[in-house]
Structures are given as C-alpha cells and as structure tokens.
Amino acid sequence: MTTEPAAPVTDAPSEAKPPLALYLHTPFCTSKCGYCDFNSYEGLEHLVPDYTPALVHEMELWAPAARRFRVETIFFGGGTPSLTSLDDLAAIFDGLKANFDISPTVEWSLEANPTELTLEHLQGLRALGVNRLSMGVQSMHEDELKLLERQHSPERVAQAVADARAAGFENLNLDLIFGLIDQPLERWQQTLEHILEFEPEHLSCYALTVEPGTALFYQVSKGLLPAPDPDVAADQYEWTRERLAAAGYEQYEISNWAKPGRQCRHNLVYWRAEPYLGMGAGAHSFFAGRRFANVDAPNRYEELVNASYEERTATGRTELRQIAGGETPDEATLRADAMILGLRLMEGVSLPEFAERFGVTVQDAFGPAIDRHTRLGLIEVAGDRLRLTDRGLLLSNEVFTDLLPDPDEG
Ligand code: SF4
C-alpha cells in the first residue's frame with residue numbers, strides 16, 4: 001500500500017475534520033495465558049527496545065493520509081501495554097502529537113495487567129495523558145485465575161484498583177470472564193459482587209470461549225478438561241444483566257456495561273462501523289474504505305516498518321510494507337458488518353441511517369432473515385431502530401450468522 005507524500009498535519013480547521021480512532025498494539029506479555037488467542041507472545045523481551053521506535057516510524061508513515069482526520073480516541077491494547085516503560089510511552093505520546101491532530105477531549109485508554117502495576121507507574125500514566133485504564137481482572141478467585149493461567153491474585157487486583165484511584169484514574173474498566181470450566185453460578189456471583197465494591201465506571205463481562213490454537217483448546221479437545229457449560233453461562237449472563245442494572249450500570253453492548261456517560265468511546269467506533277487506524281504488530285484497520293492488518297510477528301513488523309521508513313527518508317516515497325493483507329469490502333459486506341456490529345449495541349441499528357448510508361432499506365437488504373428472527377422473537381423494531389430482544393442477546397450468533405452475505409452471490 002502506498003500513501004501520498006508527507007505534509008503538515010494541521011492544514012485544515014480541526015473542527016471541520018472527520019473523527020478517527022487510533023489503536024496501538026503491543027504484542028508482549030510476561031507469560032501466555034492458556035485461553036488467550038490475541039497476538040501476544042512471551043519470551044520476546046529482546047524485541048522490546050526496538051518496538052517503540054518502529055511504532056513511532058509507523059505513525060510517521062501514516063501521518064500524510066491521516067492529516068484530514070481528528071483523533072478522538074486512542075486505545076493502547078495488547079499484549080500487555082502496562083509493561084511499556086514510561087519513557088517509551090512518553091516517546092509514543094510525542095509521536096502521536098507530532099503526527100496526528102489529537103482532540104483536546106481525546107479518550108486515551110490503556111490496557112493493564114494487575115500483576116505489574118505500581119502506584120508510581122500509574123501516576124506516570126496519568127501524567128502522560130492516559131485517562132482511561134482497562135484492567136484484565138477476569139476472576140476474584142485464586143483457583144480460577146490459576147485455571148486461566150493468569151499471574152495475579154485477587155489481593156493484587158484490589159491493590160491495583162486502589163493505586164489506580166490514588167493516581168487519579170476516574171475512568172476505570174475491569175474485564176471479567178464468566179462461564180468458566182466447572183464454575184457454579186454462585187462463584188461468578190461472588191466475583192461480580194467483589195468487583196462492584198470497587199465501583200468501576202465500566203465493566204466488560206465475556207463468556208469464556210475455547211479458541212482453536214490455545215493451550216485451553218488443546219486441553220479440552222484431549223479431554224484433559226471439560227468444555228465450559230453454555231447453559232450455566234447463559235444463567236450467569238442473565239443474572240449479570242439484572243445485577244448490574246440494579247447497581248446502576250447501563251448495558252450498552254452485549255458484553256459491556258457502563259455508568260451513565262462512561263461508555264467506551266473507542267469501542268463504540270468499532271460497533272458503529274466507523275473508521276479506525278491500527279498500528280503495531282498484527283493491528284487491524286478500517287481506513288479509507290479498506291480493511292487491512294499488519295503482520296503479526298513482532299520481529300517482522302519491526303523490520304518491515306523500518307524498511308518502509310528508510311525508503312521514505314531516502315526517496316520520499318511511502319510504501320507500507322508492514323501491511324500483511326487487506327480488502328476493499330463490497331457493498332453487501334459493508335451492510336452485513338453494519339448490521340452485525342450495530343445489533344451488538346443495545347441501541348440497535350437505526351433504520352433511517354442504514355437506508356441513508358446504503359441507499360437500501362434494512363428490509364430490502366435482509367428481509368427473509370429479519371422476518372425469520374422476528375418470528376423467533378430474537379429481534380424487534382423499537383421506534384425507528386432494529387435491535388436484539390432479551391432472548392436475542394443470548395442467541396445473537398444465530399442472528400449474525402444469518403446476516404452474513406451469501407458467498408455464492410456477488
Ligand atoms: S495477559 Fe492478556 S494478552 Fe497477555 S497472554 Fe494473557 S490474556 Fe493474552
């Protein structure tokens with residue numbers, strides 16, 4: 001992929017610019033959790049020193065194409081971004097400011113692992129401008145954390161949350177996993193009740209999925225561990241919805257709850273199928289009408305970005321070699337994406353906005369599937385929006401599968 005030559009990033013009034021979300025990926029972890037299928041690696045510490053310069057080089061390569069946007073959200077995910085030193089984070093933040101037009105009200109989220117977090121590091125993050133912390137907690141039971149091969153303890157979580165508050169974080173997300181192997185409803189209830197004592201502004205609660213290629217997948221497929229029970233997970237999910245509503249959280253997505261006004265603005269960009277630019281090893285993008293992803297392997301990523309950067313320095317020509325592959329989605333795919341992602345949100349899909357965006361009504365585009373799932377009680381029209389019903393939230397994959405474009409068409 002080639003971009004136009006470099007130009008100043010402030011050549012249009014900021015308020016006239018369309019919004020853009022930036023995702024930065026760090027692929028390093030101190031150990032690989034058994035259930036994890038993210039692009040993350042243990043034992044690659046030797047690549048860490050060159051990773052930040054490569055990331056900043058990639059920002060410089062993208063700056064010309066991104067200059068007509070204003071960055072409203074930045075999400076630093078992983079991997080374990082909290083392993084990145086404050087000096088490296090300062091360099092990354094300088095790179096962002098130098099190459100992108102960043103809104104003064106930017107939401108800057110950083111994923112953190114409770115294991116390594118210290119008060120000093122958290123204070124440093126706040127001083128750099130990180131204003132939303134997303135902590136991978138998963139469970140408040142020691143044995144469940146061991147099963148997931150997480151390195152932290154419930155006590156460490158409590159300390160990390162206290163330190164985050166002391167450092168001034170007022171926007172805190174905690175990630176949790178329910179539907180664990182042999183996890184009775186009461187055990188999940190204990191975890192969530194404990195978590196509510198921390199009064200986080202945001203909660204992400206995902207059912208455990210056994211992803212191919214993970215250590216957990218191997219153990220389950222070999223019969224060394226039983227598979228998670230979907231009926232227990234469904235009961236836990238329904239209880240979670242009731243409990244969090246009673247605690248003042250608004251469910252705004254299938255797996256996400258927030259106190260009023262604390263929805264994750266960055267993730268809303270994904271679910272609303274709006275543009276985002278990903279940088280770092282394996283980062284995905286939806287930008288300029290194309291979907292694409294960088295190479296996964298961190299060493300290859302560093303090599304390719306640096307080669308592109310050196311070529312641009314020498315010739316002025318920008319070739320984005322780090323991009324491993326991509327596609328320009330056709331209209332049917334874009335419509336299906338807008339429906340599947342939009343239905344994940346409790347607000348659902350706006351029927352007039354869909355018609356305006358695609359020049360066709362939802363009914364004309366998806367009539368048979370809509371009729372079938374309406375009859376089954378999985379989706380409903382509320383005002384001028386189409387959304388999942390309570391029952392549909394539990395069976396959303398059945399609805400989504402039916403909305404995918406027919407591979408034999410087009
Ligand atoms: S800490 Fe997170 S990204 Fe790293 S291996 Fe565990 S689940 Fe995956």
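Predicted model: local features only at pLDDT ≥ 70, side-chain atom pairs only at ≥ 80, totals over all residues.
Gly78 and Gly79 are joined by a cis peptide bond, with omega at about 15°. Gly79 sits in the loop that runs between strand 3 (70-78) and helix 2 (86-99). Gln138 belongs to strand 5 (residues 132-138). Why pick these spots out? Because most residues other than glycine have a negative phi, and most peptide bonds are trans.

Now step back to the domains. The assignment for the protein chain gives domain 1 (2-271) and domain 2 (335-403), and their C-alpha centres are 28 Å apart. Where they touch, the contact takes eight residues from domain 1 and eight residues from domain 2. On the domain 1 side, helix 8, strand 8 (250-253) and helix 9 (265-271) each put in at least two residues. Strand 8 gives the most, with three residues. By type, that side of domain 1 divides into six nonpolar, one polar and one charged.

A pair of packed helices is described by the angle between their axes and the distance between the axes. For helix 6 (residues 185-196) and helix 8 (residues 230-246), the angle is about 35° and the axes are 10 Å apart. The crossing of helix 6 past helix 8 is right-handed. Helix 6 makes the contact through Leu185, Trp188, Gln189 and Leu192, while helix 8 brings Val232, Asp235, Gln236, Trp239, Thr240 and Arg243. Sort the residues of this contact and you get five nonpolar, three polar and two charged.

Read across it and the order is 15-17-16, with antiparallel pairing. Strand 15 (349-350) and strand 16 (379-382) are at the edges and have a single partner strand each, so one side of each has no neighbour in the sheet. Strand 15 runs antiparallel to strand 17 (residues 385-388), and two bridges join them. To find your place in that pairing, look for Val349, which stands opposite Leu386 in strand 17.

Which helix lies across strand 15, strand 16 and strand 17? That's helix 13 (residues 362-375), which runs at about 120° to strand 16.

How values were computed
Residues numbered from 1 in each chain as written. Axes fitted to C-alpha atoms, helices over the stretch in contact; angles between N-to-C directions. Helix = DSSP H or I, 4+ residues; strand = E, 2+ residues; numbered from the N terminus. Left-handed = near helix turned anticlockwise from the far one by under 90°. Contact = placed C-beta atoms within 7 Å. Nonpolar A, V, L, I, M, F, W, Y, C, P; charged D, E, K, R; others polar. Domains from an automatic or database assignment. Pairing = 2+ DSSP bridges.
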